[in-house]
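Please have the structure open while you go through the points.

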Amino acid sequence: MKPGLPFLEALLFLLGPAAGALGTTVPSPSSLPITGSSVVSDSGSIIGFGASSSRGSASRGYSSGSGSVSQFSNFTGSKDDRGTCLCSVALPDTTFPVDRMEHLEITAHILSQRFEKELSKVKEYVQLISIYEKKLSNLTVRVEIMEKDSISYTELDFELIKIEVKEMEKLIIRLKDTFVGSSVIVDQLEVEIRNMTLLVEKLETLDKNNVLSIRREIMVLKNKLKECEASKDEHIPVAPPPPAPGTCAHGGVVNISRPVIVQLNWRGFAYKYGAWGRDYSPQNPDKGLYWVAPLNTDGRLLEYYRLYNTLDDLLLYINAREYRVLYGQGSGTAVYKNNMYINWYNTRNIAKVNLTTNTVAVTQTLPDAAFNNRFSYANVGWQDIDLAVDENGLWVIYSTEASTGNIVISKLNDTTLVVLETWHTKQYKPSVSNAFMICGVLYATRTLNTRTEEIFYYYDTNTGREGNLNIVMQKMQEKVQSINYHPFEQKLFVYNDGYLLNYDLIFDQQPR
């Protein structure tokens with residue numbers, strides 16, 4: 001028996017009544033040709049196909065082994081050359097959607113795999129949350145003990161707890177980014193961890209026996225001892241006692257300390273140009289506020305500056321008063337008697353700014369002064385006009401076309417900015433990296449290399465004498481943008497590629 005005939009048998013049986021009822025052939029684009037006169041089924045029944053006397057029709061009937069016939073239907077057919085009857089059976093258009101069924105099965109399989117993957121993630125997160133809940137509980141107990149205990153814990157204890165809390169913070173962030181569904185537990189954990197962080201920080205600040213602060217002070221003292229040892233190796237002489245603050249009972253600068261890094265300027269590392277210092281007033285020499293004036297990143301415009309009442313405020317970036325101006329140019333800024341003195345943008349004028357009101361009190365033209373990078377310092381632009389303060393008052397350091405670029409020093413009236421007296425030097429200003437005034441003496445620096453400056457020149461306005469010096473000055477970064485002197489502290493305030501530095505000065509004990 002040929003394969004598929006049982007199926008055809010059943011199909012024809014089912015189609016019989018429909019075709020008989022209609023009495024006509026159902027047209028369809030898909031038809032199944034049937035050939036042969038008789039076929040034996042698997043069960044032994046005979047399926048007979050008989051051709052009628054007419055060529056244009058054929059009859060089909062099913063007969064069992066006993067010869068009975070169940071149904072008959074007429075179909076249009078024909079005979080081939082060998083006399084075999086050929087019939088076309090029209091099938092109804094009820095094809096089963098196998099392709100859609102397969103697509104549905106594939107989709108269901110993919111969804112099942114995704115569900116399993118997400119379920120495994122949830123199980124993993126549940127385990128992690130359980131672990132960190134235990135850790136958090138343990139930390140809570142430890143912190144409670146620390147709160148109740150009268151013994152102060154070491155810095156290591158605090159650091160270990162901080163590390164553990166930070167680990168949990170990272171996990172919570174990761175959970176919040178990936179967790180799907182209700183995140184109430186995660187949110188609760190995040191709040192508890194944040195509270196734990198604040199509590200640890202509070203405990204550290206409340207360290208009852210001040211162990212941490214004492215240890216830090218000890219480290220500072222150790223570093224100073226190391227510096228002393230290093231200075232001994234370099235044969236740096238021991239500093240003699242300084243002269244009385246604000247006086248000129250000495251013979252001038254003979255040495256300088258290593259730099260003390262105060263901090264990076266408040267605007268950041270990109271603001272490499274600027275100035276900083278402390279206000280000096282002879283009436284209240286020890287009461288001056290601190291000021292920081294970084295230039296914009298173009299190295300020219302002074303737009304913002306900050307004032308601090310104390311050095312601690314400056315170090316902690318707190319209690320700052322920030323002001324804006326739109327007319328400052330260069331790093332030659334100085335502060336004297338609660339007034340800031342700056343070079344007015346794009347001119348040879350000097351402006352006096354009241355620091356209490358941030359308003360311009362006076363402007364005055366500096367006669368014949370070169371400006372706009374005509375004779376600025378070496379490696380530092382827009383500082384043709386450099387203002388300075390010392391024990392004697394307010395000064396300005398500049399050049400003129402008549403001086404052919406050599407340094408000119410003028411003493412100013414700090415109220416009206418009128419030039420009181422002028423001195424001409426033989427030192428070419430663009431070959432100098434910076435300059436400052438102490439007791440009426442100009443000191444000029446030059447660059448030796450990326451880590452060293454040298455105070456190499458002086459001009460004494462008291463005597464008219466000038467000469468060379470050889471005082472090595474260490475620095476943190478390559479370029480020095482400004483140097484300001486404070487008479488009471490007898491220190492230099494140096495702006496070094498964005499960093500705020502301090503230097504102690506050593507004076508000759510014998511007055512000149």
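1. Let me begin with the charged pairs: a search of the whole structure finds 7 salt bridges, each being a side-chain nitrogen of Lys or Arg within 4 Å of a carboxyl oxygen of Asp or Glu. A word on conventions: this is a predicted model, in which local features need pLDDT of at least 70, side-chain atom pairs count only at pLDDT 80 or more, and totals for chains, interfaces and linings use all residues. Residues are numbered from 1 along each chain as its sequence is written, and side-chain values use heavy atoms, with hydrogens and water left out.

2. One of these salt bridges joins E303 and R324, at 2.6 Å from N to O. E303 sits in strand β11 (residues 301-308) and R324 in strand β12 (residues 321-336), so the pair ties together parts 21 residues apart in sequence. Strands here are DSSP runs of E, at least two residues long, and helices are runs of H or I, at least four, both numbered from the N terminus. E303 counts as buried at 10% relative accessibility, while R324, at 45%, is partly exposed. The cut-offs are under 20% relative accessible area for buried, over 50% for exposed and in between for partly exposed (1.4 Å probe, protein chains only).

3. R306 and E322 form another salt bridge, at 2.9 Å from N to O. R306 belongs to β11 and E322 to β12, so this pair links parts 16 residues apart in sequence. R306 is buried, with a relative accessible area of 18%, and E322 is partly exposed at 41%.

4. Do look at E453 and K475 too: their closest N and O atoms are 2.5 Å apart in a salt bridge. Since E453 lies in strand β22 (residues 452-460) and K475 in the loop between β23 (465-474) and β24 (480-486), the pair ties together parts that are 22 residues apart in sequence. Both E453 and K475 are buried.

5. Which side chain of opposite charge is nearest to D497, which is buried yet has no salt bridge? It is K272, 5.1 Å away, with Lys and Arg counted as positive, Asp and Glu as negative, and His and the chain ends not counted. D497 lies in the loop between β25 (491-496) and β26 (499-507). Its side chain reaches the backbone nitrogen of E478 at 3.3 Å and that of K479 at 3.2 Å.

6. For the overall picture, the protein chain has 6 helices and 26 strands, and 39% of its 512 residues count as buried.

Terms used: Polar contact = N/O pair within 3.5 Å; in protein donor to acceptor, adjacent residues only side chain to side chain.
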